[in-house]
Amino acid sequence: MKKFILSFLLIAIFFSSCKDTTVAEKPIDASVPVTLTTIDTSGIASYIDLNATATYLVKNTVKSNATGYLNSVNVATNDFITNGKELFSIKTREAKVLGNTINKIDPSLNFGGAIRVRSNTNGIVTMVNVQQGDYVQDGDVLVIINDAKSFAIILSLPYELKSYVSIGQQLTVTLPDGTSRIATVQKFSPTVDATSQTQNVVLKINGKQDIPENLIVKVRIYKSSNSKTVSLPKSAVLSDETETDFWIMKMINSNTAIKVPIQKGIQTEDRIEILSPVLTRDDKILLTGNYGVADTIKVKVIKKEL
């Protein structure tokens, strides 16, 4: 009896081991995860930002008009002075030595008075070369003044871009702190730099001038613009290796996208104008997940439209 039960168990184990244990494989999801975008009709402009420098074109030097000793110094570096302000007074050697003696003999002569040196412009003092009591000679430079009226933004314009800038044109000047000013193109330099092939352009700031000298700013030059156009984010537009053919991946239903050749127009840092075909706001365009795919692909939208 025991042998019979043992044989029965062995047979049962054998048949259970032969039972088909294969689990059906789940189908692979071949859909490409993507995000979508739509067209923008707010207009687009192509421009280039160039460096420019703030400077004073005229620097006045005030010189001594006599030989003698500086009796007074009424100016310091960084002072803003007005035309006609007394800057220095000079006493000649003769006046200093003989003045008191001669005035005692005849006070009406008023001998020994100081000679006044005055400013001939409005501007900012950038350098004072002397101090009170110094001995100076006729013609010595006493102070240097930046003429306030000569302040300008000097733009080094590549000559190939000259057609985009004209006299009287209004340009936007952006400062490093993010603020901006409007400047007017005043004149072009008559020469071009031999090495860089750039031409200096003088820009005058409209309104109050509060930009420090030697500050490097950005000047925006618009090359072309279109206020009524269709554009897409740059990442939505694909191209071949030679960048001669361009296309987008457009949704034709909820889970399928196809390749659509396009003709592009103006291109900026982040957007590209689409000249053809005609796109509408209802069209859904792949923004990500569109690189290196076939002409027709199954997609799975993983993010709302951007």
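**Entry 1: the nonpolar core**

I began with the largest nonpolar core, which has 23 residues, and noted that Ile 153, Leu 155, Leu 157, Leu 203 and Val 219 touch the most other members. I took a nonpolar core to be a set of buried Ala, Val, Leu, Ile, Met, Phe, Trp, Tyr and Cys residues joined through side-chain atoms within 4.5 Å. Buried stands for under 20% relative accessible area, exposed for over 50%, and partly exposed for what lies in between, with a 1.4 Å probe and protein chains only. At least two residues of this core come from each of β2 (44–56), β11 (151–158), β12 (170–174), β13 (180–192), β14 (198–205) and β15 (216–226). In soluble globular proteins, nonpolar side chains tend to be buried together.

I then looked up the contacts of Leu 157, leaving out residues up to four places away in sequence: Leu 157 touches Leu 50, Lys 162, Val 165, Phe 188, Gln 197, Thr 198, Gln 199 and Val 201. A contact here is a pair of heavy atoms within 4.5 Å.

**Entry 2: the model and the chain**

I recorded that this is a predicted model, in which local features need pLDDT of at least 70 and side-chain atom pairs count only at pLDDT 80 or more, while totals for chains, interfaces and linings use all residues. Residues are numbered from 1 along each chain as its sequence is written, and side-chain values use heavy atoms, with hydrogens and water left out.

I found two helices and 22 strands in the chain. These elements are DSSP runs numbered from the N terminus, helices being H or I with at least four residues and strands being E with at least two. Of the 306 residues in the chain, 34% are buried. Among the chain's contacts with a separation of 6 or more, 72% are between residues 24 or more positions apart.

**Entry 3: aromatic pairs**

How many aromatic pairs does a search of the whole structure find? I noted three. Rings of Phe, Tyr and Trp (its six-membered ring) pair if their centres lie within 6.5 Å; planes under 30 degrees apart are stacked, over 60 edge-to-face, and the rest tilted.

One of the pairs is Tyr 47 with Tyr 222, edge-to-face, at 5.7 Å centre to centre and 65 degrees between the planes. Tyr 47 is in strand β2 and Tyr 222 in strand β15, so this pair ties together parts that are 175 residues apart in sequence. Tyr 47 is partly exposed at 28% relative accessible area, and Tyr 222 is partly exposed at 43%.

I also looked up Tyr 56 and Phe 151, whose ring centres are 5.2 Å apart with planes at 65 degrees, so this pair is edge-to-face. Tyr 56 belongs to strand β2 and Phe 151 to strand β11, so parts 95 residues apart in sequence are tied together. Both Tyr 56 and Phe 151 are buried.

**Entry 4: salt bridges**

I counted six salt bridges, each being a side-chain nitrogen of Lys or Arg within 4 Å of a carboxyl oxygen of Asp or Glu.

Arg 271 pairs with Asp 40, with the closest N and O atoms 3.9 Å apart. Arg 271 lies in strand β20 and Asp 40 in the loop between β1 and β2, so the bridge ties together parts 231 residues apart in sequence. Asp 40 is partly exposed at 24% relative accessibility.

Arg 220 and Asp 49 form a salt bridge of 2.9 Å, N to O. Arg 220 is in strand β15 and Asp 49 in strand β2, so parts 171 residues apart in sequence are tied together. Arg 220 is partly exposed at 27%, as is Asp 49 at 32%.

Lys 250 and Asp 283 meet in a salt bridge of 3.5 Å, N to O. Lys 250 sits in strand β18 (residues 246–251) and Asp 283 in the loop between β20 and β21 (285–288), 33 residues apart. Lys 250 is partly exposed at 22%, whereas Asp 283 is buried at 13%.

Glu 273 is placed in strand β20 (residues 271–276), and its side chain has a polar contact of 2.6 Å with that of Thr 229. A polar contact is a pair of N or O atoms within 3.5 Å; within protein, one must be able to donate a hydrogen and the other to accept it, and residues adjacent in sequence count only if both atoms are side-chain atoms.

Thr 35, in strand β1 (residues 32–37), is buried at 7% relative accessibility. A polar contact of 2.5 Å joins its side chain to that of Thr 288.
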